[in-house]
Amino acid sequence: MNLSSKIEKALNDQVNLEFSSAYAYLGMAAYFDQTPFTGFAKWMQLQSKEEIGHANRFFKYIVERGGKVALQAIPQPKCEYKSALAAFKVSLGHEQKVSAAICAIYELAISEKDYATLSFLKWFLDEQVEEEKSVGEIIAKLELVGENLNGLFQIDHQAGSRAAEEGKH
Ligand code: FEO
């Protein structure tokens, strides 16, 4: 059961979107490296690595299904933000875009009756719920503390601990 050309194209576009996400998060890590927020910088680095993992899952799947991987150019990411909140808001927007893209491939797989791709995408649907949730929680906390430095450093510390914890796995 070979991939249809439409699905192959959509999966290749997703490889690109995941690598673009990795690069966008690396840009955010570069921004946080210019600030005292070392926890956020770590969090962004870890997130960037996770995105490379996502890209590689799609890469492997295309190959497994007898498709052809076609890598595309990655847009230049932003490395400057106004604040931690601004960076995390861009991150959430990005995750929502990724979720929408995965849903679009899911719909395409339904219309093409590609059940293997539907099964493959299930992991990503769950992962996107997690990703949007964790970014959304950080945004909610950042909005709550506003400019309060104590509060900001506390959230930074929590983000750094989470990154250190998850980086072990
Ligand atoms: Fe792989 Fe955060 O989407």
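L26 is partly exposed, with a relative accessible area of 34%. Partly exposed lies between two classes: buried is under 20% relative accessible area and exposed is over 50%, with a 1.4 Å probe and protein chains only. L26 sits in helix 1, residues 5-33. Together with Y23 and I74, L26 makes a nonpolar surface patch of about 250 Å². Patch members have over 30% relative accessible area and no salt bridge; nonpolar side chains (Val, Leu, Ile, Met, Phe, Trp, Tyr) are joined within 5 Å, and like charges within 9 Å. A salt bridge is a side-chain nitrogen of Lys or Arg within 4 Å of a carboxyl oxygen of Asp or Glu.

This is a predicted model: local features need pLDDT of at least 70, side-chain atom pairs count only at pLDDT 80 or more, and totals for chains, interfaces and linings use all residues. Residues are numbered from 1 along each chain as its sequence is written, and side-chain values use heavy atoms, with hydrogens and water left out.

**The whole chain**

The protein chain has five helices and zero strands. Its pattern along the sequence is α-α-α-α-α. Helices (H or I, at least four residues) and strands (E, at least two) are DSSP runs, numbered from the N terminus.

| Property of the protein chain | Value |
|---|---|
| Span of the C-alpha trace along its principal axes | about 55 × 30 × 25 Å |
| Buried share of the 169 residues | 43% |
| Accessible surface | about 9,200 Å² |
| Carbon and sulfur share of that surface | 58% |

Accessible areas come from the Shrake-Rupley method with a 1.4 Å probe; for residues, only the protein chains shown count as cover. Of the contacts with a separation of 6 or more, 81% join residues 24 or more positions apart. Contact means heavy atoms within 4.5 Å.

**Two more residues**

A101 is in helix 3. Leaving aside residues up to four places away in sequence, A101 touches Q14 and L17. L71 is 30 residues from A101 along the chain, and their C-alpha atoms are separated by 17 Å.

K113 lies in the loop between helix 3 (84-111) and helix 4 (115-145). K113 counts as exposed, at 56% relative accessibility. Its phi is near 55°, a positive value in a residue other than glycine. Most residues other than glycine have a negative phi.
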